[in-house]
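Here is a friendly walk through one protein model, meant to be read with the structure open beside you. Please take a look at it first.

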Amino acid sequence: MLVLAFDTATPAVTAALHDGERVLAESTTIDARRHGELLVPTIERVLGEAGAALRDVTAIVAGSGPGPYTGLRVGLMTAQGLSTTLGVPAYGICTLDAVAYGGGLTEPFLVATDARRKEVFWARYADMRTRLDGPFVDRPAQVPVDGLPVVGAGADLYPDVFGQSDAPLYPYAGALASLAAERLAEGTPLDPPRPIYLRRPDAVVPGAPKRVTA
C-alpha cells in the first residue's frame with residue numbers, strides 16, 4: 001500500500017504519503033489563494049522526500065470538503081486526473097474527518113473550520129474516528145457547542161463562542177493519509193472523490209443582456 005493524500009479545502013495546501021504503517025513524508029503550506037499553484041509541487045516534494053515515484057502510488061485520497069468552491073475543486077480534480085493517469089483508485093474523505101482524526105480525542109467533541117461569510121463548517125464526533133452529525137454550515141452562535149471541546153480553525157476565529165480551540169487548526173495530510181490507510185486496511189468502503197458543497201459557489205453565470213431601447 002502506498003497512499004498519496006492531499007487536501008485543498010482550507011487555507012492549508014497539504015500532501016502526504018503513507019505506506020500502510022506510517023507517514024513517510026508530509027508537506028503543508030498555509031496560503032488561501034494559491035491552491036492551484038502549490039498542490040503539484042507539494043505532491044512532488046513528498047514523493048521526493050519519501051524516495052518514491054508517482055507510479056508507485058496505489059491509491060489517491062483527497063479531502064472532499066466542505067470548503068470554498070475554488071480551492072476544493074483543485075484537489076478533487078487533481079485526484080481524478082491522477083487516478084485516470086495511474087490507473088489506481090481515487091477516494092474522497094470529508095475534510096472535517098481529517099481534522100477530527102488529527103485531534104486524537106477519545107471523547108465527544110466538535111470540529112469547526114472557517115466557511116467565510118462569518119460562518120463555520122462544523123460536525124459533531126463521538127471520538128476521533130466517528131462522526132455523529134454533520135457536516136453543516138452555520139453562524140458560530142448557531143452551533144450547539146453544549147460545552148464540548150472544539151477542534152479547528154473555525155474555533156480559533158471565534159473564541160468568544162467556542163472557547164479555547166484544540167489543535168489541529170487544519171486537515172493536515174498526514175492525518176488524512178493515516179485515516180485513509182486505516183480504513184482501507186479494515187476494508188471500510190470509501191467514498192468517491194466528490195465535493196461536499198453546503199452552499200452555492202459565489203460565481204454565477206451572467207444573465208442575458210438587457211434589451212436596449214431608444
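The notes below cover the ground rules, a sheet, a helix, the nonpolar cores and some aromatic pairs.

## Ground rules

This is a predicted model, in which local features need pLDDT of at least 70 and side-chain atom pairs count only at pLDDT 80 or more, while totals for chains, interfaces and linings use all residues. Residues are numbered from 1 along each chain as its sequence is written, and side-chain values use heavy atoms, with hydrogens and water left out.

Helices (H or I, at least four residues) and strands (E, at least two) are DSSP runs, numbered from the N terminus. Buried means under 20% relative accessible area, exposed over 50%, and partly exposed in between (1.4 Å probe, protein chains only).

Five strands form an open sheet in the order 8-7-6-9-10, with mixed pairing; two strands pair if DSSP finds at least two bridges between them. Strand 8 (130-138) and strand 10 (165-166) each have a single partner strand, so one side of each is left without a neighbour in the sheet.

Further in, strand 6 (residues 109-116) runs parallel to strand 9 (residues 150-151), and two bridges join them. Here Val 111 stands opposite Val 151.

## Helix 3

Helix 3 (residues 95-103) is largely enclosed by the rest of the structure, because seven of its nine residues are buried. Among them are Leu 96, Val 99 and Tyr 101. After the helix comes Gly 104, with a positive phi near 70°.

## Nonpolar cores

A nonpolar core is a set of buried Ala, Val, Leu, Ile, Met, Phe, Trp, Tyr and Cys residues joined through side-chain atoms within 4.5 Å. The largest has 24 residues, of which Leu 4, Phe 6, Leu 17, Ile 43 and Ile 60 touch the most other members. Strand 1 (3-7), strand 2 (12-18), helix 1 (35-50), strand 4 (59-63) and helix 2 each give two or more residues to this core.

A second, separate core of 17 residues includes Ala 5, Ala 59, Ile 93 and Ala 177.

## Aromatic pairs

Rings of Phe, Tyr and Trp (its six-membered ring) pair if their centres lie within 6.5 Å; planes under 30 degrees apart count as stacked, over 60 as edge-to-face and the rest as tilted. There are four aromatic pairs by this rule. Tyr 69 and Tyr 197 form a tilted pair, because their ring centres are 5.3 Å apart and their planes at 40°. This pair ties together parts that are 128 residues apart in sequence, because Tyr 69 lies in helix 2 (residues 69-86) and Tyr 197 in the segment after helix 6 (173-186).
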